[in-house]
Amino acid sequence: MDTRERLAWNLRKVRADKKVTQENLAVDAGVDRTTISGIERGDFNVSIDLLDRIAAALAIDIVELFAIPIEGEAPPSTLPAGRKPGR
């Protein structure tokens with residue numbers, strides 16, 4: 001698993017565990033929802049500044065976004081599609 005895949009895996013895992021939608025995370029991090037989606041697909045080359053904002057929005061240390069997944073761990077779940085009510 002390369003670094004971009006690891007970042008995508010961990011971002012989706014943390015976001016799903018905290019039940020934060022891509023849209024809400026995007027608003028809190030000051031980016032478009034498609035940017036969050038692109039990061040989670042491994043399609044977007046993210047800057048350190050944006051990673052700092054995403055980590056702050058999720059209330060985690062940035063290092064959590066680079067953790068090596070446990071071997072055999074199931075892929076992170078996704079939240080149901082569609083817009084969610086405000087928090």
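Predicted model: local features only at pLDDT ≥ 70, side-chain atom pairs only at ≥ 80, totals over all residues.
Residues are numbered from 1 along each chain as its sequence is written. Local features need pLDDT of at least 70, side-chain atom pairs count only at pLDDT 80 or more, totals for chains, interfaces and linings use all residues, and side-chain values use heavy atoms, with hydrogens and water left out.

Show the whole protein. There are four helices and zero strands, in the order α-α-α-α; helices (H or I, at least four residues) and strands (E, at least two) are DSSP runs, numbered from the N terminus. Of the 87 residues, 38% are buried, that is, under 20% relative accessible area with a 1.4 Å probe, protein chains only.

Select residues 3–17, which form helix 1. Its 15 residues reach 21 Å from first C-alpha to last, close to the 21 Å expected, where the expected span is 1.5 Å times one less than the number of residues.

Now pick the buried residues of helix 1: Leu 7, Ala 8, Trp 9, Asn 10, Leu 11, Val 14, Arg 15 and Ala 16. They pack against helix 2 (22–29), helix 3 (33–41) and helix 4 (48–58).

Go to the ends of helix 1. At the N-terminal end, Asp 2 is the cap, with a side-chain oxygen 3.2 Å from the backbone nitrogen of Arg 4. After the helix comes Lys 19, with a positive phi near 55°.

Finish on Arg 6, in helix 1. Leaving aside neighbours within four places in sequence, Arg 6 is in contact with Met 1, Leu 65, Phe 66, Ala 67, Ile 68 and Pro 69; contact means heavy atoms within 4.5 Å.

Conventions: Buried < 20%, exposed > 50% of the residue type's maximum accessible area, 1.4 Å probe, protein only. Polar contact = N/O pair within 3.5 Å; in protein donor to acceptor, adjacent residues only side chain to side chain.
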